[in-house]
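Morning, everyone. Please have the sequence and the structure open while I talk.

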Amino acid sequence: MSIYVILEGVISFFLIAGGAFIFIGSLGMTHLRDFYMRLHGPTKATTMGIGCILTASMLYFGIIDSYPVIQEMLIALFLFITAPVSAHLLAKTGLHQQLRRVEKTRGEPAELRDEEVGKKPVPHHSDAGHD
Amino acid sequence: MLDIALKISLALVLVAIVLNTYRLSVGPDMPDRILALDTMYVNSIALIVLMGLWLNTKTYFEAALLIAMLGFISTVAVCKYLLRGDIIE
């Protein structure tokens with residue numbers, strides 16, 4: 001069995017895995033029920049999928065031209081740096097707009113807490129030891 | 001084998017872009033739409049890379065790099081506008 005057959009199998013595996021991860025990420029973004037859940041799909045699964053597809057392309061053109069390609073490495077580096085930053089900004093925007101959530105979404109950040117007028121403010125966790 | 005894998009992957013990415021379009025059109029709030037656009041540009045980068053594999057050319061990868069940069073900048077700009085009411089303070 002030639003080495004090229006094995007490499008073709010590896011490239012095919014990376015292609016199908018990347019397509020499946022991208023599809024699962026978009027499916028999660030479509031079918032989950034509130035914004036804080038929907039944020040999980042694209043930020044993790046889609047980044048993994050685009051990494052797999054870029055790896056497949058890198059392998060293919062590296063074998064065809066027999067020298068390493070730069071553009072895919074640049075795209076992968078840039079996407080892996082910017083995906084968490086944009087996810088963080090989107091989460092901050094959702095908390096700022098106080099989007100509604102379902103009961104199962106856990107956690108109680110200060111932006112979403114009900115504030116009752118006339119009561120003492122809820123103490124923050126970091127200054128609980130002072131009083 | 002590579003042809004069949006390429007076709008399956010293209011079909012999956014196309015269905016993913018259709019799902020993103022659904023969320024972009026019906027998304028109940030503004031951050032949902034920004035998230036759909038963000039996912040859509042990542043998926044379009046995948047589509048361009050797969051098209052480069054299909055046509056056996058490396059011409060379109062610079063376009064993919066440009067889409068990556070401009071998509072990130074536009075996401076940050078719209079998020080800052082929704083957060084602060086202003087882009088550059």
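B:Asn56 sits in the loop between H2 and H3 of chain B. Phi of B:Asn56 is near 60 degrees, a positive value in a residue that is not glycine. Is B:Asn56 buried or exposed? It counts as exposed, because it has 9 C-beta neighbours inside 10 Å. The cut-offs are these: buried takes 20 or more other C-beta atoms within 10 Å of the residue's own, exposed takes 12 or fewer, and partly exposed lies in between, with C-beta atoms placed from the backbone.

Now, what kind of model is this? It is a predicted one, where local features need pLDDT of at least 70, side-chain atom pairs count only at pLDDT 80 or more, and totals for chains, interfaces and linings use all residues. Residues are numbered from 1 along each chain as its sequence is written, and chains are lettered from A and ligands numbered from 1 in the order in which they are written.

Confidence next. pLDDT is the predictor's confidence in each residue, from 0 to 100. Chain B has a mean pLDDT of 90, and 100% of its residues reach 70 or more. For chain A the mean is 84, and 86% of its residues reach 70 or more. Which helix of chain A has the lowest confidence? That is H2(A), at a mean of 87, while H1(A) is highest at 91. Keep one rule in mind: where pLDDT is low, the predicted coordinates should not be read in detail. The model as a whole scores ipTM 0.90 and pTM 0.84.

On to chain B. It has 3 helices and 0 strands. From the N terminus, its elements run α-α-α. Its C-alpha trace spans about 50 × 30 × 15 Å along the principal axes. Its radius of gyration is 16 Å, whereas a compact globule of 89 residues would have one near 12 Å. That radius is taken over C-alpha atoms, and the globule rule is 2.2 Å times the number of residues to the power 0.38. Of the 89 residues of chain B, 38% count as buried.

Chain A now. It has 4 helices and 0 strands. Of its 131 residues, 34% count as buried. Two residues are in contact if their C-beta atoms, placed from the backbone, lie within 7 Å. Take the contacts in chain A between residues at least 6 apart in sequence: 61% of them join residues at least 24 apart.

Here is one example. A:Ala76 lies in helix H4 of chain A. It touches A:Gly51 and A:Leu54, leaving out residues up to four places away in sequence. A:Ala76 and A:Gly51 are 25 residues apart along the chain, yet their C-alpha atoms are separated by 6.3 Å. A:Ala76 counts as partly exposed because it has 19 C-beta neighbours inside 10 Å.

There is also a database record. In an unreviewed entry, UniProt places the feature "transmembrane region" at residues 6-24, 45-63 and 69-91 of chain A. UniProt positions are in the numbering used here, feature names are shortened, and annotations may be inferred rather than shown by experiment. In the model, residues 6-24 of chain A are 100% helix and 0% strand, with end C-alpha atoms 27 Å apart. Residues 45-63 of chain A are likewise 100% helix and 0% strand, and their end C-alpha atoms are 27 Å apart.

How many residues does each chain bring to the contact between them? Chain A brings 44 and chain B brings 43. On the chain A side, the elements that give two or more residues are helix H1 (3-31), helix H2 (35-38), helix H3 (40-65) and helix H4 (71-96). H1(A) gives the most, with 16 residues. That side divides into 23 nonpolar, 17 polar and 4 charged residues. Nonpolar means Ala, Val, Leu, Ile, Met, Phe, Trp, Tyr, Cys and Pro; charged means Asp, Glu, Lys and Arg; the others, Gly among them, are polar.

Last topic: the cores. A nonpolar core is a set of buried Ala, Val, Leu, Ile, Met, Phe, Trp, Tyr and Cys residues joined through C-beta atoms within 7 Å. The largest has 35 residues, and those with the most contacts inside it include A:Ile22, A:Ile50 and B:Ala46. H3(A) gives the most to this core, with 9 residues. B:Ala46 touches A:Ile22, A:Gly49, A:Ile50, A:Ile53 and B:Val13, not counting residues up to four places away in sequence. A second, separate core has 12 residues, among them A:Phe35 and B:Met40.
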